[in-house]
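Q: I would like to learn how to read helix packing and strand pairing from a model. Please take me through the features in turn.

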Amino acid sequence: MHGFDFKDIQDKVSLRLRPWHRSFQFWVRAADIYTGYKVFQLRVSFVKDAKKQEALWEKQHELAADKIYSMCSDLGGFFLKIAQIVGKPDLAPAAWVKKLVTLCDQAPATPFDAVQLVLEKEFGRSIGEIFENFEVNPLGSASIAQVHRARLRGDKNDVVVKVQHPGVQDLMMTDIRNLQAFALYMQKTDIKFDLYSVTKEMEKQIGYEFDFLREANAMERVYRFLYENNKKTPVLVPRVLQGLVTRRVLVMDYIDGIPILNLGDEMAGRGINPSSKMATVAKQNILKSLTLAYGQMILKTGFFHADPHPGNILICKGSEVALLDYGQVKDLPDQLRLGYANLVLAMADNDSAKAIECYRELGINTVSNCKNEQQELLRLAQTMFDTKLPPGVVMLQPFAEDASIKKIGVQSFPEELFSILRTIHLLRGLSVGLGINYSCAEQWRPIAEDALYNAGRLKGADRTKVGKLRRYFWRY
């Protein structure tokens, strides 16, 4: 008996100490990566040859990539999300991307007996009463939950069961608080950007992700909107199975497809040359579907799926696209939705005066320390809020000397807009990965005009020949 009690006490103590242990791990590792770069910056400043400098930077990025990868994979949880955000071809050094992209769906799985406990506790029935069969090995495991394929009793179609990892919420909140402290330090020393607001918005958004009832409502709402506003929906949305949703379990339709990350391998397996006309058309169609869906969600209603990372995108038959995981959705107030619609027009028209006006309207406060402020601000807007990379740029380097963010400091940035920013960056990452450089602002222009016209903020005469533009939706 005493042995059992001792074990119980031990478990409770280790549960209490887990957040402290994680915090210690994070700070030791973050400090190591950060000081590594700082020391290197000093060393490289003595090297005069640009080619040599580049090679040294490459080496430093590879060193840091290994450390970031092991930190994210060892700590898991929230750090897997950080890896998804950072590990994108346009945002981080190539060495980081190569390492981090493999972390997408690699969270350790919760053992099946623990999954069974959660299910039976949530539904108040045994697994056998609800499901005819239930695959023990998960289809995938992410930072908050894992998904299993199953079949309900008396049904012919398969379903997906999403089950939350036990105890994950406390750990993730600890991670976010540590990251907030680190962000505050970074913005005081190195990066002239309101990083703290970004982490606050993350905290709010991730807090929502633990409530699957909220996710089920979001999925239904996006489903209805996309299916009602189009003859054919640009992306497939899974249906929720009513009566089989709780705060920690969600049962939905199974959609058959391959993850977008495996598209290259799938094409190679079928003997399709990835640079052939057929492959290019398929990639364009995939991007076109996603872009259209996002343009409609963000600009027409302001209610949108805010997590289009590669792990949430499936490619189905006939290059149809399915959008999964509605844990992170955003509901923009009309003022920001229409303000962003105006910014879309300014970016599509390369109108720097209008871009400045839109920044003020959106509540983005900037401070300039360069001569051609108007041009730099437009460039900053396009870098932040459009998918097209500027000529000659293959990735964004916020630390580079000629980066717009060095010339124009962003003092305050509305938290609400971070979800748009993140969505655009994920779309840009996908487009870079697919080898297509395009402007979502140009694609969204007719949708933005519609939104402003319907809100009485654009006169009929000011609208572009919308019909003509729509027929020519995909332009390069």
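Q: How are two packed helices described, and at what angle do the axes of helix α7 and helix α8 cross?

A: This is a predicted model, in which local features need pLDDT of at least 70, side-chain atom pairs count only at pLDDT 80 or more, and totals for chains, interfaces and linings use all residues. Residues are numbered from 1 along each chain as its sequence is written, and side-chain values use heavy atoms, with hydrogens and water left out. Two packed helices are described by the angle between their axes and the distance between the axes. Here the axes of α7 (residues 168-189) and α8 (residues 195-208) come within 8 Å and cross at roughly 170 degrees. α7 is therefore roughly antiparallel to α8 (an angle over 145 degrees). Helices are DSSP runs of H or I with at least four residues, and strands are runs of E with at least two, numbered from the N terminus.

Q: Which residues of α7 and α8 make the contact?

A: Contact means heavy atoms within 4.5 Å. Among the residues involved are Met-172, Ile-176 and Leu-179 of α7, and Leu-195, Tyr-196 and Ile-206 of α8. The residues of this contact divide into 11 nonpolar, four polar and three charged.

Q: How many residues does helix α11 have, and what follows it?

A: Helix α11 (residues 277-301) has 25 residues and reaches 35 Å from its first C-alpha to its last, close to the 36 Å expected at 1.5 Å a residue. The expected span is 1.5 Å times one less than the number of residues. After α11 comes Gly-302, with a positive phi near 80 degrees.

Q: At what angle do the axes of α11 and α17 cross?

A: The axes of α11 and α17 (residues 440-454) come within 9 Å and cross at roughly 35 degrees. In α11, residues including Leu-292, Tyr-294 and Ile-298 meet α17 residues including Trp-444, Ile-447 and Ala-448. This contact comprises nine nonpolar residues, four polar and one charged.

Q: What is the order of strands in the open sheet?

A: Strands of a sheet pair through backbone hydrogen bonds, either parallel or antiparallel. The four strands here have the order β5-β11-β10-β8, with mixed pairing; two strands pair if DSSP finds at least two bridges between them. β5 (235-236) and β8 (258-259) are the edge strands, each pairing on one side only. Strands β10 (residues 313-316) and β11 (residues 320-323) run antiparallel and are joined by four bridges. Ile-315 stands opposite Val-321 in β11.

Q: Where does Asp-325 lie?

A: Asp-325 lies in the loop between β11 and β12 (329-331). Although Asp-325 is not a glycine, its phi is positive, about 65 degrees.

Conventions. Axes fitted to C-alpha atoms, helices over the stretch in contact; angles between N-to-C directions. Parallel < 35°, antiparallel > 145°, perpendicular 65-115°, else oblique. Nonpolar A, V, L, I, M, F, W, Y, C, P; charged D, E, K, R; others polar.
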